[in-house]
Amino acid sequence: MKLQRKLQQLLKSLIQPLTAVLIGLLTGAVAISLVGASVLETYKVMWDGAFGNFYFVTATLARATPIILIGLGLAIAFRAGVFNMGAEGQMVLGAVSAALAALYVPGSGIIKILAALLAGFLAGGLWSLLAGWMETRFKVQLLISTLLLNYVAVLFAGYLVSRPFQDKSGSAALAQTHMIDQVAWLPKLFQGMSVHMGFVIAMVLAITLYIILRFTSAGYEVRMLGYNPFFAEYGGINKIKVLLFSMFFSGGIAGLAGTVEVLGSQYRYVEGSLTVPGYAWTGLMAALLANSNPLGTAVAAILLAALQTGAMGMERNTEVPLEIASVIQGVLILFVTAKITMNWWKVKKKAGDIHGAA
Amino acid sequence: MTYVLEMKDMSKKYGDFLANDTISIHLKKGEVLAIVGENGAGKTTLMRMLYGLEQPTSGEIVLNGKTVKFSGPHDAIENGIGMVHQHFMLFSDFSVTENIVIGHEPKQNGFFNRKAAAEKVKELSEHYKINVNPLKTAGDCSIGEQQRIEILKVLYQGADIIILDEPTAVLTPLEIEELLKTIQFLAEQGKSIILITHKLPEVMKVADQITVLRNGKVTGNVLTQNTDVEQLATMMVGRELQKLTDRIQLDGDPLLVVENLTIGGKNAKPILDQLSLTIHRGEIVGIAGVSGNGQSELIQAITGLRKIDSGSVHLGDTIFSGKTVAYRRNAGLAHIPEDRYLWGAAKEAAVEETGLMGYYRKRNFNQSSFIKLNSFRKLVRGWIDRFEIKTPSLDEKSGNLSGGNLQKLIVARELGFETDFLIAAEPTRGVDIGAMEYIHEAIIEKRNNGDGILLVSSELSEILTLSDRIAVMYEGKIVDILNRNEATEERLSVLMAGGNENEASTKTTTTA
């Protein structure tokens, strides 16, 4: 009986994201047939591109790694009821700090790695904390401040790698740091495959966060703050403290997303390498699709990564352009935002009805 | 005499749930029919069917001898049925006149004739002795005035049968008096009134005939002259009400001491003005006052939810001023909040999570910051048994509980802290009589235990039933404190309206 209800609840929470994915795929199908290709064949090629063989699976997981981490960071903020839109800036600052730490902190490989992870986490966290502090101190809306701080962070990181820390050794002077010493690279999980230790870090973090949110008093405080800040305050939860903590961890984990990309796949910070693939926004979508459940966010992140790697495979092997994936993602975004607006609207409506609940 | 309205064997099913089960009522011209029942008894459903907002599953509505079917409120209004809702539906930026004539504006050459409209409203207002200022903006009107606008609107639309849905819930005692007079006057003028309420004393004052509902069924139909409050309550609840436990005389030490508490307002007038109040152990101090006179701010200042400008709050030897909410709660404060949805619960959270607030910090339920959910669930199940909280499971969303059940959960949670001091703000708002009994009983029990209680309620009867002393608040000050035996509803009403004590005492002496 109880198990059955739990299952029902689980299914219920899955219905909406699954419908969104299904409608996304259907819209994609329309677009594919518009360009005159066979829908089933194209989707088959996409599937193969994402999960067709072991190599593609690992490529998908490698791509998913930063998306999972971004999604987890955002999930914390969303759970606390704050809209952190600054994952991109937090990730980029994390990445550049991690690269510099790995380059310039003396010591063995493991020390460099730990220093880089710490630096990446702190840089992202503090950047995010700045927005949180401005909200609590000066009532600067987080949604806006985090969004605007992205530009500052991305441009500042760009400056760092095009001036003081630029790698001038190569023939073409790209905006990038020197390459990190091989001892400080995150190990690959399988020989010759792109998925690296960062994926394990992301999954462990997803499980840890799930446990923290679900079973600990800190998690309880975060969730209650997100559900109803008045209730949280009434019950003795320190609103400001919990908000700042959530923002710090949210940004810190986004910083880790940049860090593991640098340490595990790029081995240096290259300007644009994290912003152009849109990791931050895909991560945002993953968190929203999964309703900020950490485990669900990880799964959604992997699916979204698969959509992207699959689309690349599709482009390699068919005439269908890569942009089909953008169409599908676009529809997903539409549905996810529609869901948010619907919920928001329902809440508003209910709030109006409160006094009618006699 | 024939009936102007009969509803015969009305039933309404929502899925498997039978909200109305073959309910019949009848109403004569010029008669006041009260429909009473606890929350969820089916009063509202019945009226929604009459007003065309719901379609009956079965049954028949007979109006002036003819069977009618309403597809919407529009039909009902056209057939002379008007409804004054519990929540006013006024355009706050429009004038009183515009709000009344809306939909049926007097026209001149196709244009809205404001002058004629205002005159009509004035006429109507004088004819029915319902006092409004036609030119005032509706948003500036008091709650009582807004209700009068609603009643006039219904009359303007030509209603002969007027449904009033819980009309006194939002009014001050004096406004209630006035409304009851209006109802009687309207009935004398030949209007038929259906009064939906759960306040029995009012029913006894104004109704000719009373129909009692319980669980969707009629449990009684009586003439007012043949019944009394006790009999009605028994029919409503389905059993006899218990007498409250006797209060033990206690002369406790001062427990909560509030001194010269001041909170500034936006204007020159402070919200709380040098307010001092002492509550002793084993004492219930009730705060009476028209809402908006600083009661909410006083509670927030004591609990730490609001900053104060000057003054101090102590609980026993503990200084509260400048301390966090958590600190004060740990020092022995529990708080039933006035608004259960705003402060008391998170609608999205599970029932057990709403119950967990505060407990998750306690050692019994927290092991190195992991919450011991299993031990906590035992506690919650205890509350559910004791207060008969109806919930499908502990995982149910708090927002899905009915208002009364959620209130019981909150009361159980706050009583469960077993603190020395409790703030109970509107502890029984929107709960049915059965639950009210439980909550009152629990509060008295806590008092007899030697704990101190500050009770804030907009129900004077609740204040009078429970309090040892009653402090009347007006414009951020405590204007008077009366002992239990010297307080009467009348005396309190005068003080609450800002009248001075001399007036009040002369009034009581003349009536006595």
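Modeller: Before we start, buried means under 20% relative accessible area, exposed over 50%, and partly exposed in between, with a 1.4 Å probe and protein chains only. Helices are DSSP runs of H or I with at least four residues, strands are runs of E with at least two, and both are numbered from the N terminus. This is a predicted model, where local features need pLDDT of at least 70, side-chain atom pairs count only at pLDDT 80 or more, and totals for chains, interfaces and linings use all residues. Residues are numbered from 1 along each chain as written, chains are lettered from A and ligands numbered from 1 in written order, and side-chain values use heavy atoms, without hydrogens or water.

Biologist: Which residues of H1(B) are buried?

Modeller: B:Lys43, B:Thr45, B:Leu46, B:Met47, B:Met49 and B:Leu50. That is six of the eight residues in helix H1 (residues 43–50) of chain B, so by the cut-off the helix is mostly covered.

Biologist: What follows H1(B)?

Modeller: B:Gly52, with a positive phi near 85 degrees.

Biologist: Switching topic. Where is B:Arg281?

Modeller: In the chain B loop between strand S14 (272–280) and strand S15 (283–288). B:Arg281 is 237 residues from B:Thr44 in sequence and 42 Å away in space, C-alpha to C-alpha.

Biologist: Why does B:Arg281 count as partly exposed?

Modeller: Because its relative accessibility is 31%.

Biologist: And what does B:Arg281 touch?

Modeller: Leaving out residues up to four places away in sequence, its contacts include B:Asp253, B:Asp420 and B:Asp451. Contact means heavy atoms within 4.5 Å.

Biologist: Now domains. What does the assignment give for chain B?

Modeller: Domain 1 (5–237) and domain 2 (254–511). The bounds come from an automatic or database domain assignment. The C-alpha centres of the two domains lie 33 Å apart.

Biologist: How many residues of domain 1 of chain B are in contact with domain 2 of chain B?

Modeller: Eight, and they meet eleven residues of domain 2 of chain B.

Biologist: What area do domain 1 and domain 2 of chain B bury between them?

Modeller: About 780 Å², 68% of it on carbon and sulfur atoms. Buried area is the accessible area (1.4 Å probe) that two parts lose on being put together, summed over both. In domain 1 of chain B, B:Glu38, B:Asn39 and B:Pro173 lose the most area to domain 2, together 47% of what that side buries.

Biologist: How many salt bridges does the rule find across that interface of domain 1 and domain 2 of chain B?

Modeller: One. The rule wants a side-chain nitrogen of Lys or Arg within 4 Å of a carboxyl oxygen of Asp or Glu. B:Lys199 and B:Glu459 meet in a salt bridge at 3.6 Å, N to O.
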